[in-house]
Amino acid sequence: MQKNGFIIDQNLKEMTEHRTDTLAVACYETTIAQNVHGHIPLHWHDELQVVAILQGTALFHINDQKMVIPKGDGIFINSGTMHMAEDHSENENCIYLCLNMSPHVLLPSDLYVKYVHPYATATNLPFLYLEGAVSWGEQILGAIGLIRKELVEQAPYYEVNVASALLNMWKLLITNGYSLEHDPSEMNRNKRMKDMLQWIHLNYSDPIKLEDIARTGQLSRSETCRYFKQMLRTTPMQYVMDYRIQKSIELLQLSERNITEIAYDVGFNSTSYYINQFRKTMNVTPLQFRRKVTQKKILKKRSSD
């Protein structure tokens, strides 16, 4: 299964259901450049995620950190952690296997409390880099491929094989991971950030000021700018601009509205300003972008006929 799109709610939470009929687990192959956005957009989910890079190099943005991950390595991303990914190399598309699993699928409830919950809620464990050259990292990355094979083929007792592989993987992660910390201030910081992003996503089509965003996060203007700079490497108003551009891309692809209507629909009060900002971001005008999308659809239809 190839995953090319995301369903994300207004709070940036991914709503895609990651499971089979009997297991709260999903494993799929992703080519970053084939996503509708051209990258994996910023999001988070309750599931634990383990990624193995099959081709190229990925650049993951995780909270306020950036991780360059080449072929043969991977990364574990903890529950509730905001992250996004993009190609790091211009010469080769990055392809990776992504394993998503509910924390509750790993162990029965009496053992979950001791061996899963403390790690899934540890504030000092947003991610863990997995080196393919290190024995335990190699075993985890190899297990992702085995789990995917089991989920695709679904031979008799495949659920048992998947459960066994997940348990071994989790043991490797927690025995080679971190000493655990629970920092209430860090949890509050993440909540403020998610609240501000949710407010932007609900109100992007209306006029937005920095004061509005700061009020939502119960922060000062300067603190709000610092939050965005540290966690998203951008300013609050630039994030608003980028989000409006991304929403306009969806409308250019999925609707027949004209450029002026789209500009106003996503919060711009000038068509010319929207076109200029779109060109700065995408290196083409909105109309040129729409024509390219239309041409690709025509070529794809012809090739499938």
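Predicted model: local features only at pLDDT ≥ 70, side-chain atom pairs only at ≥ 80, totals over all residues.
**Entry 1**

I started with the strand order. The sheet is open and has 5 strands, arranged S1-S8-S3-S6-S9 with antiparallel pairing. Strand S1 (25-31) and strand S9 (127-130) are at the edges, and each has a single partner strand, so one side of each lacks a neighbour in the sheet. I also looked up the twist, which averages 15° from one strand to the next.

**Entry 2: strand S3**

Next I went to S3, residues 48-55. How many of its residues are buried? I found 6 of the 8, so the strand is largely enclosed by the rest of the structure. A reminder to myself: side chains in a regular strand alternate between the two faces of the sheet.

Then I followed its pairing on both sides. Strand S8 (residues 95-101) is joined to S3 by 7 bridges, and the two run antiparallel. Here I noted two pairs: Ile 53 stands opposite Tyr 96, and Leu 48 has Met 101 as its bridge partner. Strand S6 (residues 74-77) also runs antiparallel to S3, with 4 bridges between them. On that side I picked out Ala 52, which stands opposite Gly 74.

**Entry 3: helices on the sheet**

What packs on the sheet? Helix H3 (residues 135-153) does, touching S1, S3, S6, S8 and S9, and its direction makes about 100° with that of S1. I then checked helix H4 (residues 158-175), which lies across S1, S3, S6, S8 and S9 and runs at about 95° to S8.

**Entry 4: helix H5 and its partners**

I tested the length of H5 first. At 1.5 Å a residue, its 20 residues should span 28 Å, and the end C-alpha atoms are 29 Å apart, which agrees. I listed its buried residues, among them Arg 189, Arg 192, Lys 194 and His 201. The buried residues of H5 pack against S2, helix H6 (210-216), H7 and helix H8 (236-254).

I took a closer look at H7. For two packed helices, the description is the angle between their axes and the distance between the axes. The axes of H5 (residues 184-203) and H7 (residues 221-232) come within 11 Å and cross at roughly 100°. That makes H5 roughly perpendicular to H7. Residues of H5 in this contact include Met 193, Met 196, Leu 197 and Ile 200, and those of H7 include Tyr 227, Phe 228 and Met 231.

**Entry 5: helix H10**

I ran the length test again on H10 (residues 271-282): its 12 residues should span 16 Å at 1.5 Å a residue, and the end C-alpha atoms are 16 Å apart, which agrees. Which residues of H10 are buried? I noted Thr 271, Tyr 274, Gln 277 and Phe 278. They cover an arc of only 130° around the axis, which puts them on the same side of H10.

**Entry 6: His 39**

Last, I looked up a loop residue. His 39 lies between S1 and strand S2 (40-43). Is His 39 buried or exposed? The relative accessible area is 19%, so His 39 counts as buried, as the cut-off is under 20%. Leaving aside neighbours within four places in sequence, I found His 39 in contact with Ile 32, Met 84, Ala 85, Glu 86 and Gln 246.

Methods: Residues numbered from 1 in each chain as written. Heavy atoms only, no water. Buried < 20%, exposed > 50% of the residue type's maximum accessible area, 1.4 Å probe, protein only. Pairing = 2+ DSSP bridges. Expected span 1.5 Å × (residues − 1). Arc of directions from axis to C-beta. Axes fitted to C-alpha atoms, helices over the stretch in contact; angles between N-to-C directions. Contact = heavy atoms within 4.5 Å. Parallel < 35°, antiparallel > 145°, perpendicular 65-115°, else oblique.
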